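Here are my notes for your first look through this model. Keep the 3D view open and find each residue as you read.

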Amino acid sequence: MDGIKEAAGLVEISLDQERDASHGWEKSTEYELSKQTELILKRKLPLPKALFEQYSHLECKSFMGIFPEIHRAWFTVDNRLFLWNYATGSDFYPFEGIDQIITSAAIVEPRPGVFVEDVKYLLAVSTTVEVMLLGVCFSGPSVTSEITLVPTQISVNTDNVSMLMLVGSRGRRLFMAGRDGCLHELTYQGESNSFWSLGSRKARKLNHSKSAFSSLIPSSVRLFFSGDDPLIDLAVDDNRDLLFALSEHGSVSVYDISKPNRAYKIASADAAADAKRYSPSSNVRDRAFLNLSAVPAQSSSTVNLVVVTTLGERLYYHMKTSRTSLRSIRANGFRSTPPLQSEAFRPSVHTSAWIRGALFLADARNGDNDTLIAIFPEKHPSSRRTDYRFKTSFVPVELVAETALETHGGFAKAWAIAEASRPRQNGLKPNESNPPREVIVLTNSSIHLYTRVEPRDHLEELLSSRGTDAELDALFQHYGNKEACAMCISLAADRASESAVNADIIAAATNLFFAKGGEPSFEEFEPEHPRLRPRNAQFDVGRPSTSPPPLKFSSAHDGICLHIARIVSPVWWTHITSSRKPEEYQALNLRTETLLSVREHLVATINFLESSSTMLTSTRSKSQQRTPNRPANSSLQERLYKGLLPRRQTDEALRLEQISISNLKMLAEKTAEALAMMNLLSEHQFHRLAASLTPQILQELVRLRFCELIFSETGSHVCSALLEALFVAYSDQPRVTEVVSEALRERAPSFFGDAEVSLHRGLTLTRKAARATGPEASALASEAVRELKPYAGRIVDLQGVCNDLRTAGALAPMAELTVAAAAAGETTGDAELVDNACKCAFDALEILILAEDKSRDRVKDAMLKILMEQGSDALVDRLFSFLVGLGPLGAEELFKWPSARVEKYLQDRDVQLLWRYFAKHGRNVDAAIVLTSLADSEGSGDLNERVSFLASAVHNAKVASASGSDSRATSVLREVNDKLDVAQVQ
């Protein structure tokens with residue numbers, strides 16, 4: 001377990017570094033024309049001919065855009081709306097049920113409980129006079145199946161305000177940017193038996209920028225007095241419950257949308273003034289504002305908002321909270337457009353999209369065809385091993401119109417840019433903070449799907465084309481050895497797990513990994529020179545006089561660690577359950593596809609490490625055989641320090657790194673097993689298993705993160721409870737439990753090994769014993785305890801098991817189990833387990849003792865014998881205290897077990913019981929001595945109590961004297977009589 005914990009610590013360091021590295025885009029100020037980062041045109045589809053036929057009937061306005069959520073491009077021609085499935089190139093769907101000219105559209109999620117299940121999305125459409133909602137239905141389970149739009153009869157009047165932008169939030173709210181400069185919202189609810197409010201409608205429009213009194217003013221008057229600064233873009237930060245609004249003149253407003261049907265303006269900024277401050281040389285007339293984008297928390301810790309201008313500039317904004325809880329927004333960064341060859345013309349950006357650190361600009365400065373400028377942040381290794389330096393790479397791509405569409409203009413203008421629905425990278429869920437992999441560009445003639453070439457793709461291309469050593473060296477230098485080694489492992493492991501195996505690429509990647517992986521070493525230091533050592537210091541050949549310096553792992557080791565960290569990143573810090581409140585419904589917070597995908601990649605990595613272990617050992621064995629160069633004229637001592645010492649340190653560094661790699665492999669194995677186990681629990685209704693847990697275990701479960709399953713005691717405890725709940729659920733179906741048990745032993749032996757098998761078997765027998773009667777119950781209980789005793793410390797519900805044993809009448813076996821559990825608790829320092837074990841045993845004993853049922857004396861005596869003979873000193877002391885606490889009946893039971901341990905306990909804890917104990921067992925002289933001591937003690941009370949003690953002492957001494965069994969009796973009797981006479985005279 002310690003090795004796995006150390007490996008987990010290394011993986012978490014890599015995860016932290018990856019997270020910090022993903023925040024580097026806002027620090028980057030340098031531009032470079034990238035040769036490594038390229039955009040490849042993956043697909044190009046011409047727009048449907050039917051659409052161009054509609055353009056011939058255009059009378060007023062036409063708009064277009066992309067709905068990546070449903071794989072559709074949308075187009076409007078006056079009052080007609082068209083949807084086109086660009087994923088298949090078919091399903092051109094027209095909708096002509098709108099009377100007015102369409103100005104904007106957006107896809108939003110419906111509120112739950114309002115629409116039928118067939119309505120997967122809502123299409124919000126704004127016209128010059130109203131905003132309406134259309135239900136989006138599909139003919140199949142996929143969004144790429146045929147689409148149908150259904151009127152919902154939900155609409156609101158715009159009051160002569162054109163809505164230039166619509167946007168939905170994760171809370172199913174629909175916000176609208178008005179030409180009047182105000183933020184509006186369409187809110188709706190379903191039909192119900194009770195009215196929303198007296199005389200209310202099904203939907204209404206809220207103005208979050210003006211007071212309620214403004215609604216009393218005619219719309220024509222409001223438009224006359226409102227300034228000419230319409231809102232042109234909106235962006236929602238769902239994690240922070242914020243909405244950002246941008247006006248045409250550069251006014252930025254921030255709204256708090258945390259409360260339903262409310263939006264409070266909490267901060268504002270002047271982007272025009274900020275841009276002028278950062279770039280005073282630019283002509284203000286040339287600059288207009290395009291859009292703004294909310295920056296999610298996982299993408300940056302210092303930037304919350306990005307504003308883009310027509311000059312290709314970016315303004316970064318950060319939200320600040322003061323001590324009075326008032327928030328403000330201020331500009332904290334500015335980036336100009338990247339330099340292009342056509343610097344004679346100023347930038348003319350008319351479409352842009354900022355996506356997690358990457359920026360895409362459609363620039364029209366070159367004439368008819370737009371230039372798509374893709375700007376990506378890139379991390380490069382710095383002089384520090386744990387740090388990176390960032391540059392911004394840009395790739396200009398000229399958009400080309402379809403030759404078949406010359407009659408429609410013959411030029412390519414980009415009107416919308418969006419991220420494609422995020423594909424899984426090598427089967428894994430994409431990192432939420434990484435730049436986009438695929439981007440869709442909608443032009444006036446076609447759809448372009450661009451794919452970004454990832455670093456691993458560059459490596460694979462070089463290996464498949466047998467790139468030169470210089471090219472491979474350049475790649476390692478560009479990305480750093482650790483990053484490149486991680487790419488080699490990813491390439492070799494993933495390709496080996498695919499059905500179509502490319503043996504040449506696997507071999508090339510593996511060989512490159514070992515060739516460039518390097519060797520571990522200790523941090524450089526200057527050893528103490530022998531002549532500077534004290535004369536009386538003992539000379540130890542090859543051993544430094546100071547403590548060894550910190551170990552510096554090789555790039556191969558760090559690459560393995562980084563690769564594993566990237567694989568487990570989708571699940572590592574994820575909570576196991578969907579809610580942090582135990583009383584709520586607890587679904588598994590890990591998707592099945594994620595569990596399977598992460599496990600598949602971990603298994604591929606484990607196979608790579610196993611197959612490469614021999615090569616790794618042989619490669620490093622050769623390096624150990626190298627003899628360091630020694631100057632011919634060096635002294636013996638100098639040779640020892642410059643030769644043997646470095647070699648010893650190298651050997652030690654290699655040994656320690658090999659241990660660390662083995663630990664990483666064990667961590668990967670146990671993580672893969674944990675994923676398999678959670679997938680199995682998911683298949684058997686995880687929420688029901690969670691609901692059956694005890695309140696204490698459930699409290700631990702809702703706080704548990706996935707990584708804690710791997711290396712924490714709490715995680716192990718919760719796993720045992722979940723598995724036991726699984727077997728309890730199928731206790732009446734032995735065939736199912738057999739199949740589940742076999743699956744667990746095969747897929748998750750670390751969580752269900754021999755110990756878990758014995759526990760499961762013992763618990764099953766315990767439940768059977770509770771349902772049986774007579775000799776069968778006793779036999780089952782005895783067998784159950786034999787299975788459970790070696791692992792008694794791992795029983796989650798010890799109280800429940802003991803109750804089952806009591807029901808079966810197996811109190812003596814139950815005593816054996818509690819003794820074993822208490823011993824396990826004492827060994828591990830688990831005081832709660834010791835308390836629980838003692839309580840289980842003592843509760844049963846109390847019933848037997850206080851009942852005074854002679855027929856059960858044999859059972860009671862058997863329990864006491866087991867506890868006294870097999871229990872530890874601490875347990876027996878607790879037993880004695882328990883019996884004494886029961887009063888005379890308990891003391892009577894204690895007196896039945898004469899021993900030095902009982903005598904010492906009574907001597908230390910209760911002397912008045914000690915003399916009774918002596919008298920009970922015929923040691924009357926000892927009883928008389930104890931009574932005399934009580935009478936002579938300062939705390940003996942009043943004179944009558946002292947006389948009573950002495951009288952009892954005389955009685956015991958006379959009994960001993962009469963029997964002649966103790967030679968001390970005569971002298972003790974004489975002494976006690978004298979003291980009694982004195983006391984009576986007093």
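1. The side chains of R365 and D363 meet in a salt bridge, with N and O 2.7 Å apart. A salt bridge here is a side-chain nitrogen of Lys or Arg within 4 Å of a carboxyl oxygen of Asp or Glu.

2. Before going further, a note on where the numbers come from. This is a predicted model, in which local features need pLDDT of at least 70 and side-chain atom pairs count only at pLDDT 80 or more, while totals for chains, interfaces and linings use all residues. Residues are numbered from 1 along each chain as its sequence is written, and side-chain values use heavy atoms, with hydrogens and water left out.

3. How many salt bridges does a search of the whole structure find? The search gives 40. Side chains of opposite charge can pair when their charged atoms come close. One of these pairs is R287 with E313, at 2.8 Å from N to O. R287 sits in the loop between α4 (271–278) and β19 (289–294), and E313 in the loop between β20 (305–309) and β21 (314–321), so this pair ties together parts 26 residues apart in sequence. Both R287 and E313 are buried. The helix and strand names come from DSSP runs, numbered from the N terminus: helices are H or I with at least four residues, strands are E with at least two.

4. Next, look for D370 and K413, whose salt bridge has its closest N and O atoms 3.2 Å apart. D370 belongs to the loop between β24 (358–363) and β25 (371–381), and K413 to the loop between β26 (388–398) and β27 (414–419), so the pair links parts 43 residues apart in sequence. D370 and K413 are both buried. Elsewhere, salt bridges with shared partners join D857, K860, E893 and K896 into one network.

5. N444 is in the loop between β28 (438–443) and β29 (446–452), and with a relative accessible area of 15% N444 counts as buried. Leaving out residues up to four places away in sequence, N444 touches L47, F52, M64, F411, A412, K413 and W415. Contact means heavy atoms within 4.5 Å.

6. Now for a sheet. Four antiparallel strands form an open sheet in the order β7-β8-β9-β10. Its edge strands, β7 (102–108) and β10 (147–157), each pair on one side only. Strands count as paired if DSSP finds at least two bridges between them. Between β8 (residues 121–127) and β9 (residues 130–138) there are six bridges, and the partner of S126 in β9 is V131.

7. Which residues have the most contacts inside the largest nonpolar core? They are I576, M678 and F706, in a core of 86 residues. Such a core is a set of buried Ala, Val, Leu, Ile, Met, Phe, Trp, Tyr and Cys residues joined through side-chain atoms within 4.5 Å. Helix α11 (residues 636–683) gives the largest share of this core, 11 residues. Setting aside neighbours within four places in sequence, the contacts of I576 include A587, L590, M678, F686 and F706. Another core, of 80 residues, lies apart from it, with V819, L833, L848 and L973 among its members.

8. I564 is found in helix α9 (residues 555–568) and is buried at 1% relative accessibility. Beyond its neighbours within four places in sequence, I564 contacts V11, L602, T605, L664 and A668. I564 and I606 are 42 residues apart in sequence, yet their C-alpha atoms are 9.8 Å apart in space.

9. Finally, check two backbone angles. Most residues other than glycine have a negative phi. D91, in strand β6 (residues 90–95), has a positive phi of about 55°. R172 has a positive phi of about 65°; R172 lies in the loop between β11 (163–168) and β12 (174–178) and is partly exposed, at 32% relative accessible area.

Notes: Buried means under 20% relative accessible area, exposed over 50%, partly exposed in between (1.4 Å probe, protein chains only).
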